[in-house]
Amino acid sequence: MANKLKLAVFKMTGCAGCQMEFLRLEEELPFVLENADIRYFVMAKRQNLEGPYDVSFVEGSISTPRELDELRELRSKSRILVAFGDCACHGCVPSILNWILPDVAANTAYEDFHAIHSKKESYRKICPLDEFVSVDVHLRGCPPHKNTILEVLRSATLGAKPFLRRHPVCVECKLKENICILTFEGRSCMGPVTSAGCGAICPTANRECEGCYGPMSDANASSLAEKFLEIGLARDDVTRKFRKYAGITPAFSQEAEKQ
Amino acid sequence: MSRERDIQVGYISRVEGQGSLEIRVSSGNIEELRFEIFEPPKFFEAFLVGRHCSEVHELTSRICGICPVPHQIAALRAVENAMGIDVSDQTRDLRRLMNYGNHIQSHILNLYFLAAPDYLGYESLLSMVKEHLTTVKRALKLKKLGNDLVELVGGRAIHPISAVINGFTKIPEKEDVELVRKRLLDAKQDARDTVEFFSSLEMPEFIRKCEHVALSSPEEFAINEGFLVSTEGIRAEEQRYRECFKETQVDYSWSKHSEIVGRGSFLVGPLARVNLNFERLSHDAKRLAKEAGFRVPNFNPFMAHMARALEIVNAIDNCIDIIDAVPLKEEDRSYEVRSGMGSAVTEAPRGILYHMYEFGEDGVVKKADIVTPTAQNAKNIENDLRELVPSIADLPDDEATLRCEMLVRAYDPCISCSVHYINLDKVGDR
């Protein structure tokens, strides 16, 4: 096929879980290879080609100047830039660090942080990609479900906008006919403010949603935080709930910072 | 014979994470040799302070997307040890099932995706599709099985959700377990073919005796708990990890280097496990090892691939045994939060993994300490390279470079893990 998508997969500050989810396209691999030419994917390939690329998946947050330079270059070489997963979209759990003074974290981390630091590069805070460049697609989740990766590839092949849900997890939960654990059991479920896409796996497994897909569109976080206090959570518990996967987003940071 | 040589790999491909190799040979001597990790640190131990005990395993899972399960289990067991929680046999068994699933998918990734292309002359598994379709299909099938096992028990393949303190929020359904059991039986042939395939590849002959360390248990092939043992006589309870091993900082790498106190660098991972626990492998795994002429102890680091292949057979056999015995019943998961300190060691696919936490009365973390397998192997990789490089002086530059990369890939380093950020005594006082 002449018009295969030129595809690239990059890693910044992340855990490789999103790339692993990409590689979980096992039965779907023939479809991927038919429609895409994987030009750059260091974890999977030894020969990696320079851009331009049609679709660049970028896993991880930006935490160093080197990553920022790479991201800017990548942006200029990519037609569609995908913030691939929670770290790239909202900083994910490492972003909790942003509320710890950098010097406290760094100087207590290594015996002599500056011995490494001076030879390498300065550490800065954990930032999502769109703090620096325009992002075409936010692929939420820790990790984003592989079906959403396929949706991005499919839509890019068709030249369409990907259909990614931003309604709450509750919609998926209702479709699974689960009984609401927040309303009926008084458990602190983040589902009402969290983007769907996972298939409501946590409530389905009798567990509170922890919000790993980040905020839904127009999330009413303050109402949920009030509900949490009402069912017996302490203020610290509420802060931990909202400062986990997406504590730096406007929707969640406000609740996390209330005293 | 090349007496002057520069081997530089700016970004080592087909390993997890961001690392580089720099080796400079001058007048036949190694002047410079660095396995450098330039992936930025993520400071997990700093931000774990202040978090609740019930979310520690959920957070530390995010240290690594390739081995989230052993991170979760190490964290859960450390919390349980701190709070005096004794889990049920079913919980132990389901955790073993889940970790075996993680080992299968991670081993397949290393063997077929990361390592095999070097031995067959390809740049990636993707480029092997045309000429080695059967091999590629086998890899995808086994990898999917490993992922599905984790999903079956843990509710999600990557960063599972249902494993919690003192059990699982949801016990898998009998019918689903039965379906996976059938697939495990069917996959035995693929696992045997994997052993055969890797024993047919020509592994570099390179022996360097060093101390191998693994978990060991008298009852089973140890992956989730046991004693720390080594080929040089260490036998210690997992709580004594910090007495046996020490870490030092090196100025060129974000990963610390580990040593056995009073001795030197050491090797962890599949080769260490198989060397130290050969008799605990399943019957078929032992038989296949003998048929392939694999004898223990084996001190060729490249043979880690054979150990991985044998461990896949062992994992499948163990999973079938666990499934046949596990009752799959609902259990009481209640526990009391209390203050205390606890640690635990598990086997990640790439070697032993240590977690330690200290909690206040409210169950909030006061101190955290994590040592990952790749941080432990980092110095040993350099020591191997120091002997490997002179032995391949006759190879042309590109082949020598490839050989060094192959050695690194044999360790299956997980660089994200190694820069989770290291221990610090002061964080608790902050």
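Modeller: A residue is buried if 20 or more other C-beta atoms lie within 10 Å of its own, exposed if 12 or fewer, and partly exposed in between, with C-beta atoms placed from the backbone. Helices (H or I, at least four residues) and strands (E, at least two) are DSSP runs, numbered from the N terminus. This is a predicted model, where local features need pLDDT of at least 70, side-chain atom pairs count only at pLDDT 80 or more, and totals for chains, interfaces and linings use all residues. Residues are numbered from 1 along each chain as its sequence is written, and chains are lettered from A in the order in which they are written.

Biologist: Why is helix α8 of chain B called largely enclosed?

Modeller: Eight of its eight residues, 270-277, are buried, so the rest of the structure largely encloses α8(B). Among them are Leu271(B), Arg273(B) and Asn275(B). The cover includes β6 (211-216), β11 (266-268) and α10 (304-325) of chain B.

Biologist: What makes chain B as compact as a globular protein of its length?

Modeller: Chain B has 13 helices and 14 strands. Its radius of gyration is 21 Å, close to the 22 Å that the globule rule gives for 430 residues, so chain B is as compact as a globular protein of that length. The radius is taken over C-alpha atoms, and the rule is 2.2 Å times the number of residues to the power 0.38. Of the 430 residues, 57% count as buried.

Biologist: Why are α10(A) and α11(A) called oblique?

Modeller: Helices α10 (residues 221-230) and α11 (residues 235-242) of chain A pack at about 140°, with axes 10 Å apart. Axes are lines fitted to C-alpha atoms, for helices over the stretch in contact, and angles run from 0 to 180 degrees between N-to-C directions. Under 35 degrees is roughly parallel, over 145 roughly antiparallel, 65 to 115 roughly perpendicular and the rest oblique. The pair is therefore oblique.

Biologist: Which residues of α10(A) and α11(A) meet?

Modeller: Ala221(A), Ala225(A), Phe228(A) and Leu229(A) meet Val238(A), Lys241(A) and Phe242(A). Contact requires C-beta atoms, placed from the backbone, within 7 Å. By class, the contact has six nonpolar, no polar and one charged residues. Ala, Val, Leu, Ile, Met, Phe, Trp, Tyr, Cys and Pro count as nonpolar, Asp, Glu, Lys and Arg as charged, and the others, Gly among them, as polar.

Biologist: How many residues of chain A are in contact with chain B?

Modeller: 49 residues of chain A are in contact with 52 of chain B. The chain A side divides into 29 nonpolar, eight polar and twelve charged.

Definitions and conventions:
Contact = placed C-beta atoms within 7 Å.
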